Amino acid sequence: MDNVSTRLPTAQPLAHMTTAFHHRIDTSETQPLNTNPIPELAPQLKQLRLSGILDSLESRNRQAIQGKLAYTEFLAMLVSDEVARRENKKFSMRLRRAQFRTTKTLEQFEFERLPKLNRALIHDLATGRYLQEKAPVLIVGPSGIGKSHLAQALGHCAVRQGVDAIFTSCAALTQSMNAARATGVYERKLATLSRVGLLIIDDFGLKPLRAPADEDLHDLIAERYEQAATIVTSNLDFDEWDQAFASNRLLASATLDRLRHNAYCLELDGPSYRDPKVAPAAKTGIAKRLEKRPQKDSETTAK
């Protein structure tokens, strides 16, 4: 008895396959073969909300014919393309909603400038474990040292992991909450900010918090406590954070107690990114005299 082959049929031009989509299949041998099935498939794919497949359909069809791929392999390629397209679209939307000032990534961070920085902890944070723990991350250091860069880089990592994030300065955050109160949507605003997977508050303590901003920040931190991760950056040392609450130290204690509980703390120390770049000295005037002076001294010593 002859062996029966179980190999799947190889992919034929899409025009041959599209007859399967027709309600009536014309088996006449004289039926011309449609060599460009994309116009016929386009409305059907749009109806199924799969119009993204059209971007790679022609090239994948050509690849399947040339590689003599099975129908299932051809279909798998199209599905993979569609999944990748949707993931990229979701990533772009999350990145846009995050409102990062610039595209700051961990790969761009200059660790060499900060040799004392706990690099192992930062790479651990980049894995997103703190997001699962719903733990705060507190970053302190002088102005221009890279706190905002590091916070946004961690936020970028979170977005790549599928987590919604929002980046905002502390002043802009409290102003937006006060504006929401004025328009009668404060509770909705608070609920939205409380639910976001990662909230990054930049420049905490740069301006003193006065009523109702101090109460708004306390309410937000209290709602997010052990429910979602929060990153906070500040120029103030950790033991100076209560100074940000200028008129209500009791509120400061209640807010900071929640922020510090189970928090990952990073202290940045080193030269500022914003230090002015020194241009090469011009070979004129004082620069020339300064350049020649050591040579004269060395000649005198030699004599």
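Guide: Two aromatic rings of Phe, Tyr or Trp count as a pair if their centres lie within 6.5 Å. In this predicted model, such ring pairs link Phe-204, Phe-238, Trp-241 and Phe-245 into a cluster.

Visitor: Why is the pair of Phe-204 and Phe-245 called tilted?

Guide: The structure holds 5 aromatic pairs. In this one the ring centres are 6.2 Å apart and the planes stand at 55°. Planes under 30 degrees apart count as stacked and over 60 as edge-to-face, so the rest are tilted; the pair is therefore tilted.

Visitor: What makes this pair a tie between parts of the chain?

Guide: Phe-204 belongs to strand E3, whereas Phe-245 sits in the loop between strand E4 and helix H11, so the pair ties together parts 41 residues apart in sequence.

Visitor: How do you know whether Phe-204 is buried or exposed?

Guide: Buried means under 20% relative accessible area. Phe-204 has 3%, so Phe-204 counts as buried. Phe-245, at 0%, is buried too.

Visitor: Why is the pair of Phe-238 and Trp-241 called tilted?

Guide: Their ring centres are 5.7 Å apart and their planes are at 45°, so this pair is tilted. Phe-238 and Trp-241 are both buried.

Visitor: What makes Arg-181 count as lying over the face of Tyr-186?

Guide: CZ of Arg has to be within 6 Å of the ring centre and within 35 degrees of the ring normal. Arg-181 lies over the face of Tyr-186, at 4.6 Å from the ring centre.

Visitor: Which residues touch the most other members of the largest nonpolar core?

Guide: Tyr-130, Leu-198, Ile-231 and Leu-266 do, out of 34 residues. Helix H7 gives the largest share of this core, 7 residues.

How values were computed
Residues numbered from 1 in each chain as written. Predicted model: local features only at pLDDT ≥ 70, side-chain atom pairs only at ≥ 80, totals over all residues. Heavy atoms only, no water. Phe/Tyr/Trp six-rings, centres within 6.5 Å; stacked < 30°, edge-to-face > 60°. Helix = DSSP H or I, 4+ residues; strand = E, 2+ residues; numbered from the N terminus. Buried < 20%, exposed > 50% of the residue type's maximum accessible area, 1.4 Å probe, protein only. Core = buried A, V, L, I, M, F, W, Y, C linked by side-chain atoms within 4.5 Å.
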